[in-house]
Amino acid sequence: MAAEITIKVNERSWKVAASADTPLLYVLANELHLQGPRFGCGLAQCGSCSVLVNGVETRSCVTPVAAVRGKSVTTLEGLPAWYAARQKLSVTPALHPVQQAMIDEQAVQCGYCYNGMIVKASELLAKNPRPTDAEIRTAMKGHLCRCGTYPRVIKAIRRASKAMSGGAA
Amino acid sequence: MNFPRREFLKAGGALIVGFNLSEALFGQSHLDPVSRPPVPGPPDAKMVDTWLAIHADNTATIFIGFAELGQGNSTALLQVAAEELDMDMSRLKTVRLDTSITPNQGGTYSSASIQRGGPQVRTAAAEARLALLQMASKKLDAPIEGLTVSNGVVSAGNGKSVTYGELTGDRPLHIPFTGKAPLKPFTQYKVVGTGVPRNDIPDKVAGKYVYMQHVRVPDMLHVRVVRPRGQRAYGAGAKVVSIDESSIRGIPGARVLRRNDFIGVAAENEWDAVHAARQLKVTWETPPALPGNRGMHDAMRASKTTDRVVLEKGNAAAAMVGAAHVVSQSYRGPYQMHGPFGPNCAIADVKPDSALVICSTQDVYGTRTGIARILGLAVDKVRVQYYEGSGTYGHSCYDDVAQSAAILSQLAGKPVRLQFMRWDEHGWDNYGPAHVGEIRAAVDAAGRIVAYEYDGWQHNWSLVETAEQLALNRAPAAWPGAAAQGVSANHLGGIYYVPNLRLINHQVPGGDWFKGGWLRSPLDLSLAFASEQTIDELARLSGIDSYEFRRRNIVNERWLGVLDAAAKASNWKPRVAGSNISKSRIVTGRGIGLGTHLASYGGAVAEIEVNRETGQVVAKHMYGAIDAGLAVNPAFIENQIGGQLVQTASRMFKEEVTFNETGVTSLDWNSYPILRFDECPEVTAVVVQRLDQRSSGAGEEVMAAAAGAIANAFFDATGVRMREYPLTPKRVLAALRG
């Protein structure tokens, strides 16, 4: 039965009416109308629904909304602010460096998987600012891309890593 | 459109309007706003206004009938228009596909957006330019010959100038095609042929792009279909024995919607609809037994087929006698699925006398025809709008989901949003058909191919979608026409000069098997897997390097061009295939292949690693070259080549629809694995630019070449030929053990 649950998403508190077992994804999409996390498999196999929960990449399609009570959820839309807060930037950039790098590399094809790609890559670079290619491949391997854009995603992550550590943007 | 009434959400003390339909429906900046009143389509293709509109602010809207699928055609076709109109890209925009707005250019398949759509857009823009110059000539009181245009500003020799927008205001041109508008010579191209960035990418990475799965409409119900998990034989459909509606009684507002064997559930809340679909107890009739994966190819080979000689020249059988070397082998390919990353989704609002369906079809007009038939409405009473979903790579479930949504909306008497679940999409796809190919080919002592015979078995694509089959008891039927569904003469023997050639197609009855559809580069991977290995085998028996052997047997310079480009990119060093096999646990090999889909020329080289203990095969680096004539945007084609190489590696190493005696068992990404990051090759893409040649497709043609290259690399590494793909560890170990 639906009950009122308060969740924190992109640094704002939201009161939503949902049964406790409702996957977070359905709340984000249908109640908060966010467009980052999206339905891909509903089985935590593909990564299209990924969000950060307390900075950890999490599959929102299998995470009950009640499980994120008292935690901080960040979606694709909130990544620039999340990044600015971590880096103690005075101004929130329009895009997270990973997002910018995806544009610079023209990595995207259909782009449906890019929510997960960007969320996961942002988590990776927060933990490991200068990953090797092997580390990128290992970190990202739970995220599928049906269009086959993996090579460009890897390039974009390398580019973002450089930009974040003060190299050329 | 009305704005939905949604509850207000309390957030941090402030009231936030939860949802705004205008944003959701028309939120894509480069597609905003819909710029003319809807008409029952298609708009008249002979009128220039159908294709473009010049606005008072000296911008233009180009109406394109092709779907953006992530390949970049919504940018590339604007480049074509920008070039011919002499306007900067920043002044042009396009609108979403809509049977009441955009022209009917046919479906977005066969990689035809640029090949077929380019000339149409180019001609329309040239006609508009001519009309605008005639208007400018009067206005500026200057002869038309002396006028020049720069970024939509027409200047005369007398120092006067006027913008397109000033000439037209927001008024339509009201002119038909004259057939007399001169086209700009390619030597003067400034925008076409350059790597303009894609206009959809910024919104896609920012989470602002409205995918089909994001669209909501007022007062809609969430619905799901209820089907057996995994389709049965196409001819069997799925017959309902009984439904226990009490099984979903506890779910708020959930109800069953049924038309014959078509079953759905509806609820106001999406999660409730998901729950209800899972929980509803339906007893299905036991279908006739399938042979299962193991017996599949033998059963296909033994079935009663419809045979057709596709091409015959010379006398292949006679030429085999006395040839220096003859090879004869059988090759097998699996069923593979489209597997769009986001399962298909549609919204339908069906009223007694009209219907609106929003979906991710590759062909809005084709989809409209099917929906009208099912609903019993006249075609012009149905409107179909396109929203991009995830890549479909061919005839995935987009028609099925659109038809299903229409049926469910009609039953519910309300607008509905139908999101296929992962198992619906995986389990009820129009799969790329399985294949058996048998080839005999011969070469003379000089290393020239003298004879080539091919026999192929596969079934046809399916015409009737599952929704229609179940809801209307419509008998399954094969897609009419045979051109792309059997052996392709472009491929087999068409690449090389072969004096004696015989190609035979054996059509297997489709009703005993699964629904079939065009899967990116249809059948080409299977054809190349068979044919390009045959060519390699002839090369090896002749003691000639695989690249050199191909050069010797090609007569068309465009095939030579892509062969050379792929070889050069990979720094190919001549040696006979399989002549350098190491004894180590992990062995490496390289292979080369050529291929096409319909018109363009594809070449590829693969460098792979085979672990002889585990049977694991990994592509380390793949090189792909394409000659698609005039490359309107070479950067987009490079991205397409990269995608084709990776997807081909996925299909050659991993992808295989599995099934048991009842039906399909590949229902998710674990049971239908695809290539992952850690298995992904490096890719190198080469576009052979041919400014003076007509543009042809670039979304598929490297795949066949890459399939051949991978298979040939495996032989080079191991000295063993794989006769069946995908090259899974189990299959590889069996082959290595002989």
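1. Start with one bridge. Val153(B) has Thr163(B), in β8(B), as its bridge partner. This is a predicted model. The pairing belongs to strand β7 of chain B, residues 153-155, which runs antiparallel to β8(B) and joins it over three bridges.

2. Now widen the view. The strands of chain B make an open, antiparallel sheet of three, ordered β6-β7-β8. β6 (148-150) and β8 (161-163) of chain B are at the edges; each has a single partner strand, so one side of each lacks a neighbour in the sheet. From one strand to the next, the twist averages 25°. As background, strands of a sheet pair through backbone hydrogen bonds.

3. The largest nonpolar core holds 271 residues, and Val265(B), Val357(B) and Ile710(B) touch the most other members. Helix α17 of chain B (residues 701-718) gives the largest share of this core, 13 residues.

4. Look at one of those residues. Beyond its neighbours within four places in sequence, Val357(B) is in contact with several residues, including Ala346(B), Ile371(B), Val382(B), Val384(B) and Ala402(B). A second, separate core has six residues, among them Ala112(B), Tyr393(B), Trp461(B) and Trp518(B).

5. Finally, the two chains. Contacts link 51 residues of chain B with 49 residues of chain A. On the chain B side, the elements giving two or more residues include β1 (8-11), α6 (270-279) and β26 (682-687). The largest share comes from α16(B), with seven residues. This side of chain B divides into 23 nonpolar, 18 polar and ten charged residues.

Methods
Residues numbered from 1 in each chain as written. Chains lettered and ligands numbered in written order. Predicted model: local features only at pLDDT ≥ 70, side-chain atom pairs only at ≥ 80, totals over all residues. Pairing = 2+ DSSP bridges. Helix = DSSP H or I, 4+ residues; strand = E, 2+ residues; numbered from the N terminus. Axes fitted to C-alpha atoms, helices over the stretch in contact; angles between N-to-C directions. Core = buried A, V, L, I, M, F, W, Y, C linked by C-beta atoms within 7 Å. Buried ≥ 20, exposed ≤ 12 C-beta atoms within 10 Å, placed from the backbone. Contact = placed C-beta atoms within 7 Å. Nonpolar A, V, L, I, M, F, W, Y, C, P; charged D, E, K, R; others polar.
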